[in-house]
Amino acid sequence: MALYYTLPVYKASYKLVILLFANSENFAREYKYTVGQDLKNEGSMLIKNIYRANKAMDKTIAISKARENVEMIRLFVR
């Protein structure tokens with residue numbers, strides 16, 4: 001089992017989360033505390049689910065949840 005923080009998917013997701021946190025500060029006030037916070041939460045859950053998938057024997061549940069996190073981030077960004 002590889003260390004989760006060396007995985008390419010983790011590195012890409014971590015960069016995405018950093019961008020989400022940095023750019024949500026520039027949101028208008030009405031979106032900063034709604035959509036911005038939801039984006040941050042989904043990004044954090046994505047990182048957690050990648051970690052969980054790496055450590056689990058049955059990775060399907062955590063990978064499925066991580067895919068859902070990615071789709072929710074995509075919806076919020078649109």
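A pocket here is an open set of grid points where a 1.4 Å probe fits, with protein on both sides within 12 Å along at least five of seven lines. Keep that in mind for the exercises below, which work through a predicted model.

**Exercise 1. Describe the largest pocket: how much space lies in it, and which residues are closest to its centre?**

Step 1. Start with the volume: the largest pocket holds about 160 Å³ of space.

Step 2. Next, look at the lining. It is made of 13 residues, and those closest to the centre are V9, I50, A53, I63 and A66.

Step 3. Now ask which helices supply the lining. At least two residues each come from α1 (8-24), α3 (35-55) and α4 (60-77).

Step 4. Sorted by class, the lining has 9 nonpolar, 3 polar and 1 charged residues.

**Exercise 2. Work out the overall layout of the chain: how many helices and strands does it have?**

Step 1. Count the elements: there are 4 helices and 0 strands. Along the sequence this reads as α-α-α-α.

Step 2. Along the principal axes, the box is roughly 45 × 20 × 15 Å.

Step 3. Turn to the contacts. Among those with a separation of 6 or more, 59% join residues 24 or more positions apart.

Step 4. Check the surface. The chain has about 5800 Å² of accessible surface, and carbon and sulfur atoms account for 59% of that area. Of the 78 residues, 26% count as buried.

**Exercise 3. Classify L39 and M72: is each one buried, partly exposed or exposed?**

Step 1. L39 lies in helix α3, while M72 lies in helix α4.

Step 2. Apply the cut-off to L39. Its relative accessible area is 3%, and buried means under 20%, so L39 is buried.

Step 3. Do likewise for M72. With a relative accessible area of 28%, M72 is partly exposed.

Step 4. Look at the spacing. L39 and M72 are 33 residues apart along the chain, with 8.1 Å between their C-alpha atoms. M72 and D38 are 34 residues apart in sequence, and their C-alpha atoms are 9.0 Å apart.

Step 5. Name the partners of L39. Not counting residues up to four places away in sequence, L39 touches L20, F27, I73, F76 and V77.

Key. Residues numbered from 1 in each chain as written. Predicted model: local features only at pLDDT ≥ 70, side-chain atom pairs only at ≥ 80, totals over all residues. Heavy atoms only, no water. 1 Å grid on protein atoms, 1.4 Å probe; cavity = no way out; pocket = protein on both sides within 12 Å on 5 of 7 lines; lining within 4 Å. Points joined across faces, edges and corners; volume = space filled by probe spheres on them. Nonpolar A, V, L, I, M, F, W, Y, C, P; charged D, E, K, R; others polar. Buried < 20%, exposed > 50% of the residue type's maximum accessible area, 1.4 Å probe, protein only. Contact = heavy atoms within 4.5 Å. Areas by Shrake-Rupley, 256 points an atom, 1.4 Å probe, with all protein chains shown as cover.
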